[in-house]
Amino acid sequence: MARLTILFGIVLILLGGFGYVATGSHYPTALIPSAFGIVLALLGFFAYTPDTKRRMLFMHIAVTVGLLGFLFTVKGGIVDFILMMDGRQFPHPSAVEEKAAMSVLCLVFVLLCVRSFIVARRARA
């Protein structure tokens, strides 16, 4: 899971960088996914160890960061994206798309982590 965490971190960093460039580098808030990505990548790097307790600690912190990323962006991301596809106009549609992408990425990450935690718990029992 540590490698997957690093991968999701890199994808979020790229999403934030792309969003920042796509907005003409005028809106620094477009870099918020990059901040979450940096944190996830660092936690994945720290979790890349043979020490089970340390790996568990950093992976639980990483899934918490992923869950917070999802919760912070679900309303302004997925819900607004659905409304935008239904025809509603937004002043910054690229921001809505970026938040929706971050929300989906964080949700997928959290679900994969939970699945991995369940498998690991069953393997120990």
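## Cysteines

A search of the whole structure, a predicted model, turns up zero disulfides (cysteine sulfur pairs within 2.5 Å). C106 is in no disulfide, and the nearest cysteine sulfur, that of C113, lies 11 Å away. C113 is likewise in no disulfide; its nearest cysteine sulfur is that of C106.

C106 counts as buried because its relative accessibility is 2% (buried is under 20% relative accessible area, with a 1.4 Å probe and protein chains only). C113 counts as buried because its value is 0%.

## Largest pocket

The largest pocket holds about 320 Å³ of space. A pocket here is an open set of points on a 1 Å grid over the protein atoms alone, where a 1.4 Å probe fits, with protein on both sides within 12 Å along at least five of seven lines. Lining residues have an atom within 4 Å of a point. Among them are M1, R55, H60, F117 and R124. Helices α3 (52-85) and α4 (93-124) each give two or more residues (helices are DSSP runs of H or I, at least four residues). By class, the lining has five nonpolar, three polar and three charged residues.

## Second largest pocket

The second largest pocket has a volume of about 260 Å³. Its lining has 13 residues, and T29, A30, A95, E98 and K99 lie nearest the centre. Two or more residues come from each of α2 (32-47) and α4. The largest share, five residues, is from α4. Six lining residues are nonpolar, five polar and two charged.

## Basis

Residues are numbered from 1 along each chain as its sequence is written. In this predicted model, local features need pLDDT of at least 70, side-chain atom pairs count only at pLDDT 80 or more, and totals for chains, interfaces and linings use all residues, while side-chain values use heavy atoms, leaving out hydrogens and water.

Methods: Buried < 20%, exposed > 50% of the residue type's maximum accessible area, 1.4 Å probe, protein only. Points joined across faces, edges and corners; volume = space filled by probe spheres on them. Nonpolar A, V, L, I, M, F, W, Y, C, P; charged D, E, K, R; others polar.
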